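Please look over the sequence and the structure shown here before reading on.

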Amino acid sequence: MASTKICGFDELGVNEAVKVEIDGVPIVVVRDAAGDVFAIGDTCTHGDISLSEGFVEGDTVECWAHGSKFSLKTGKPLNLPAYEPVPVYKVDLVDGVVYIDPAVTVAV
């Protein structure tokens with residue numbers, strides 16, 4: 001599977017979560033305050049809740065339903081009740097455009 005064009009870098013708001021779906025894979029995309037773009041699985045591993053509806057702070061996104069925070073860098077939950085990580089996807093920035101390949105996860 002090839003990388004899919006998501007949006008322009010400038011279209012991503014700082015510290016805002018955006019949900020995209022690529023070939024049936026729900027992904028949350030976040031641009032942090034430092035200008036880094038992250039893509040992780042959109043579904044909280046604790047309660048099947050969309051993380052894109054949560055709160056972005058620093059390099060984490062928090063599930064609004066039960067409060068688990070997930071690292072945008074590693075996908076690992078940083079607190080309970082979630083204990084399973086979400087996948088982290090490789091993000092490519094090419095000429096100001098964000099691309100993601102849902103078949104390529106980042107080993108962390």
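Is D59 buried, partly exposed or exposed? At 30% relative accessibility, D59 counts as partly exposed, where buried means under 20% relative accessible area, exposed means over 50%, and partly exposed lies in between, with a 1.4 Å probe and protein chains only. The model is a predicted one, in which local features need pLDDT of at least 70 and side-chain atom pairs count only at pLDDT 80 or more, whereas totals for chains, interfaces and linings use all residues. Residues are numbered from 1 along each chain as its sequence is written, and side-chain values use heavy atoms, with hydrogens and water left out.

Side chains of opposite charge can pair when their charged atoms come close. The structure holds three salt bridges, a salt bridge being a side-chain nitrogen of Lys or Arg within 4 Å of a carboxyl oxygen of Asp or Glu. In one of them D59 meets K73, at 3.9 Å from N to O. This pair links distant parts of the chain, since D59 sits in the loop between β5 and β6 while K73 sits in the loop between β7 and β8 (88-94), 14 residues apart; strands here are DSSP runs (E, at least two residues) numbered from the N terminus. K73, at 46% relative accessibility, is partly exposed as well.

A second salt bridge joins D42 to K19, with the closest N and O atoms 3.7 Å apart. This pair too links distant parts of the chain, with D42 in the loop between β4 and β5 and K19 in strand β2 (residues 17-22), 23 residues apart. D42 is buried, with a relative accessible area of 2%, whereas K19 is partly exposed at 45%. A further salt bridge brings together the side chains of D92 and K90, at 2.6 Å from N to O; D92 is partly exposed at 24% relative accessibility, and K90 is partly exposed at 38%.

We turn now to the strands. Strands of a sheet pair through backbone hydrogen bonds, either parallel or antiparallel. In this model, three strands form an open antiparallel sheet in the order β5-β6-β7, where two strands are said to pair if DSSP finds at least two bridges between them. The edge strands, each pairing on one side only, are β5 (55-57) and β7 (69-71). Strand β6 (residues 60-62) pairs with β7 in the antiparallel sense over three bridges, and E62 has K69 in β7 as its bridge partner.

Strand β4 has partners of its own. Five bridges join β3 to β4 in an antiparallel arrangement, with V30 standing opposite F38 in β4. The hairpin of these two strands has five residues between them, and in this hairpin G35 takes a positive phi near 95 degrees. Two bridges also join β4 to β8, again antiparallel, and here I40 stands opposite V88 in β8. Because five of the five residues of β4 are buried, this strand is largely enclosed by the rest of the structure.

The largest nonpolar core has 15 residues, of which I40, C44, L51, V61, F70 and L72 touch the most other members; such a core is a set of buried Ala, Val, Leu, Ile, Met, Phe, Trp, Tyr and Cys residues joined through side-chain atoms within 4.5 Å. The elements that give two or more residues to this core are β3 (25-31) and β4 (37-41). Apart from it lies another core, of twelve residues, among them I27, V29, V37 and I100.

L51 is in contact (heavy atoms within 4.5 Å) with residues including A17, V28, I40, C44, V61, C63 and F70, leaving aside its neighbours within four places in sequence. A17, which lies in strand β2, is partly exposed, with a relative accessible area of 22%. Not counting residues up to four places away in sequence, A17 touches V28, V29, V30, L51, S52 and V56.

Last come the cysteines. A disulfide is a covalent bond between the sulfur atoms of two cysteines. With the cut-off set at a pair of cysteine sulfur atoms within 2.5 Å, the count comes to zero disulfides. C63 is in no disulfide, the nearest cysteine sulfur being that of C44, 3.9 Å away. C63 is buried, with a relative accessible area of 1%, and C7 is also buried, at 12%.

Conventions:
Helix = DSSP H or I, 4+ residues; strand = E, 2+ residues; numbered from the N terminus.
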